[in-house]
Amino acid sequence: MNIKTAKFVVSNQNVNDCPKENIPEYAFIGRSNVGKSSLINMLANNKKLAKTSSKPGKTRLINHFKIDSFWHLVDLPGYGYAKASKTEKKEFQKLITDYFIYRKQLINAFILVDIRHEAQKIDIEFMRWLTTNDIAFSIIFTKIDKLKQNGNPNEGVEFKIEEYKKVLLENWEFLPKIFLTSSVKHIGKENIIGYINSLNQSISQK
Ligand code: GTP
Ligand code: MG
């Protein structure tokens with residue numbers, strides 16, 4: 001399961017200026033610094049495709065990438081960047097919410113969550129907002145390489161996921177699709193690309 005070609009198309013500040021082409025689109029979103037751009041680079045096998053940084057707030061625009069000439073992958077700015085000014089936060093929020101409300105080509109949003117932290121209010125609220133707006137989403141846990149491997153069962157991947165699922169089930173009747181990833185160790189790529197491929201196939205059969 002591999003991506004053959006990934007090409008940067010365009011960056012925009014406004015959803016109205018995004019590519020008009022009617023092809024399936026998948027967006028990657030989550031808190032600032034969670035690893036969105038790194039994940040996109042891992043999926044595409046190209047470290048230089050999306051710009052990454054150890055400082056939060058790197059991605060500031062809606063970035064479209066064309067994958068295998070027939071679908072779009074979108075890198076978005078992170079939400080909840082603590083150091084942004086109030087005006088900046090409002091602008092980012094508008095950019096993100098407008099994107100999700102108006103982008104008709106969007107098939108699925110991937111919400112990235114750092115596996116090390118407990119469920120954060122901002123993520124759960126964002127997922128609830130997506131549900132209210134009828135936007136399908138899946139969860140991608142990032143940075144699984146960073147979990148301590150010290151044998152303490154309360155710090156392992158499975159424990160973290162089970163805890164997170166409990167919070168999800170307080171809010172939803174059904175669990176969304178969940179992926180485990182590490183961009184550093186190249187874990188999780190096949191499952192995500194396989195899922196996107198299966199969605200693309202079901203669309204083309206309609
Ligand atoms: P913004 O664009 O600022 O919202 O951030 P982002 O979500 O795009 O994060 P980005 O991909 O730029 O990564 C942020 C930092 O986390 C960088 O220092 C990455 O090297 C690091 N990082 C991302 N993914 C992983 C991972 O799977 N494992 C580890 N150990 N570090 C990661
Ligand atoms: Mg980024």
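Which residue has a backbone N or O atom that lies 3.4 Å from an oxygen atom of ligand 1? In this predicted model, that residue is Gly78, and a backbone N or O atom of Gly57 likewise lies 2.8 Å from an oxygen atom of ligand 1. On its own, ligand 1 has 650 Å² of accessible area, of which the protein covers 88%.

The shell around ligand 1 is made up of 21 residues, and the closest of these are Lys36, Ser38, Lys58, Thr59 and Asp145. When the residues of this shell are divided by class, 13 are polar, five are charged and three are nonpolar.

The space that ligand 1 takes is the largest pocket, which holds about 590 Å³ of space. Its lining consists of 32 residues, with Gly35, Ser37, Ser38, Thr52 and Ser183 lying nearest the centre, and helix 1, formed by residues 36-44, gives the most to this lining, namely five residues. By class, the lining of the largest pocket comprises 17 polar, eight nonpolar and seven charged residues.

The second largest pocket, with a volume of about 320 Å³, is lined by 14 residues, of which Tyr79, Gly80, Gln93, Ile122 and Phe126 lie nearest its centre. Two or more residues of this lining are given by each of helix 2 (86-102) and helix 3 (121-132), and helix 2 provides the largest share, five residues. Eight residues of the lining of the second largest pocket are nonpolar, whereas four are polar and two are charged.

Key
Residues numbered from 1 in each chain as written. Chains lettered and ligands numbered in written order. Predicted model: local features only at pLDDT ≥ 70, side-chain atom pairs only at ≥ 80, totals over all residues. Heavy atoms only, no water. Near = heavy atom within 4 Å. Polar contact = N/O pair within 3.5 Å; in protein donor to acceptor, adjacent residues only side chain to side chain. Areas by Shrake-Rupley, 256 points an atom, 1.4 Å probe, with all protein chains shown as cover. 1 Å grid on protein atoms, 1.4 Å probe; cavity = no way out; pocket = protein on both sides within 12 Å on 5 of 7 lines; lining within 4 Å. Sits in = over half its atoms within 2 Å of the grid points. Nonpolar A, V, L, I, M, F, W, Y, C, P; charged D, E, K, R; others polar. Points joined across faces, edges and corners; volume = space filled by probe spheres on them. Helix = DSSP H or I, 4+ residues; strand = E, 2+ residues; numbered from the N terminus.
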